[in-house]
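Thank you for letting me take a few minutes today. Please have a look at the model with me, and then we will go through the space inside and a few of the contacts.

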Amino acid sequence: MVRRLLRKIGAGALALLLTLTGCGTANEVHNYAEQPAPTKQLTFFGNKYEPENVKIIEEILTDFMLEHKDVQISYESLKGADYYTALEKRMAADSADDIFMVNHDTALAFTMGGKLADLSGLDAISEFSEHMLSQMTEPDGSIYWVPTTISAFGLYCNLDLLKEHKQKVPATLAEWQAVCDHFVSQGMTPIVANNDISLKTLAIALGFYPLYRDNQQQNTFARINAGEALLSDYLKPGFALAEAFCQKGYIDAAAALETKKTSDDLAAFAEGDAPFMLTGAWAAGRFKALEPDFDFQVIPYPVLEDGSVLVINPDTRLSVSADSTEPQAALDFVSYFLQQENIQKFADNQASFSPLQAGSATSLPELQPVVDSFRTSPTVIGSDSLLDFPIWDLTADACALLLAGNSLEQTMDWLDEQVLVALHE
């Protein structure tokens with residue numbers, strides 16, 4: 001856990017420091033009246049713990065506090081699943097932070113529990129794309145979370161290894177399978193996968209794509225929510241593909257079950273022994289920082305007979321506690337965070353897309369195929385807000401069952417049972 005208490009010095013002291021260290025100020029002494037201490041204390045809890053991500057958050061916090069001298073904000077972060085466990089415990093104990101990050105599943109639970117403040121009055125709401133507004137807005141017009149990025153998921157390709165084996169970057173499912181068959185024949189495991197997002201996003205890509213392509217997701221998800229259709233009716237083909245990849249040796253199921261996302265998987269892929277890796281496209285910058293001894297490219301999932309599917313998520317979602325002791329200050333900070341320049345540098349830092357209408361795409365050349373797909377093709381949302389159950393966690397658990405050796409039928413039965421339980425809680 002990292003606790004960062006930012007810029008406790010007063011504005012006057014900061015000005016004095018800048019004066020003494022600036023150019024052309026030799027032999028000059030400036031006296032400033034001592035500024036009063038901040039009267040409003042806010043806490044911000046998030047799952048962005050990487051130094052490069054925290055640096056951007058600190059910059060935004062500092063700039064906000066310089067403009068709002070009566071407010072002091074502390075940022076605390078935890079990694080991965082530990083963060084959401086801690087967040088749920090704090091909420092259950094009525095000790096929620098003023099501002100925090102949520103995902104689909106926690107936002108759903110907290111909204112139902114009346115734990116989140118309505119953000120629909122923020123000026124920045126009108127700046128979001130229609131696609132994002134459809135995810136954020138409740139039927140009554142309320143908004144309980146705002147995305148600060150749009151993340152994407154992709155297939156990382158080791159271009160040097162593919163070239164060495166006279167294979168090409170796959171554009172269709174048949175091509176991908178053919179490349180994988182080649183590497184299996186050479187005694188190599190083609191795909192590095194982790195135990196969280198790899199297989200579930202693969203299954204969601206194939207299973208939900210026809211719905212998004214035909215703009216039928218709203219009607220279909222309403223039927224699933226009402227118990228009139230089963231989730232497995234749509235995701236079974238995707239999970240069948242994931243099972244087949246394990247059975248054919250494209251993925252080492254036992255290894256994947258122990259592989260953590262954006263850490264173990266990146267390290268394994270960086271060794272250069274596998275042509276592919278399934279994980280977040282947003283990890284491209286982090287992977288590049290490992291300085292792998294090969295060129296790579298990230299592409300949408302080639303799971304269709306005639307093309308690929310890009311899976312995205314409204315991500316790094318900010319919410320404000322309905323019980324905040326400084327609700328207006330918390331809302332002011334979220335509004336500040338949503339300013340175009342802040343959102344853009346935050347999204348760029350995470351190799352992600354801006355959720356705002358005027359946002360631009362990441363400039364990483366390795367992600368150009370993902371950028372092209374985002375601009376031109378129907379995308380599938382991995383954790384669509386139209387679904388009234390924790391799809392992100394349930395599909396991850398279903399993948400773990402498959403990796404542990406459960407059959408496809410057993411896994412799908414379990415998934416449908418869990419959905420029904422969640423819908424009736």
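Let me begin with the lining of the largest cavity, which by class has 7 nonpolar, 1 polar and 1 charged residues, where Ala, Val, Leu, Ile, Met, Phe, Trp, Tyr, Cys and Pro count as nonpolar, Asp, Glu, Lys and Arg as charged, and the others, Gly among them, as polar. This is a predicted model, in which local features need pLDDT of at least 70 and side-chain atom pairs count only at pLDDT 80 or more, while totals for chains, interfaces and linings use all residues. Residues are numbered from 1 along each chain as its sequence is written, and side-chain values use heavy atoms, with hydrogens and water left out.

A cavity, on a 1 Å grid over the protein atoms alone, is a set of points where a 1.4 Å probe fits but cannot get out, and its lining residues have an atom within 4 Å of a point. Among the lining residues are Ile224, Gly227, Asp416 and Leu423, and helix α18 (residues 408-423) gives the most to this lining, with 4 residues; helices here are DSSP runs (H or I, at least four residues), and strands are too (E, at least two), numbered from the N terminus.

Turning to aromatic rings, the count comes to 24 aromatic pairs, meaning rings of Phe, Tyr and Trp (its six-membered ring) with centres within 6.5 Å, where planes under 30 degrees apart count as stacked, over 60 as edge-to-face and the rest as tilted. The rings of phenylalanine 153 and tryptophan 392 have centres 5.8 Å apart and planes at 55°, so this pair is tilted. Because phenylalanine 153 lies in strand β5 (residues 146-158) and tryptophan 392 in helix α17 (residues 391-403), the pair ties together parts that are 239 residues apart in sequence.

Definitions and conventions: 1 Å grid on protein atoms, 1.4 Å probe; cavity = no way out; pocket = protein on both sides within 12 Å on 5 of 7 lines; lining within 4 Å.
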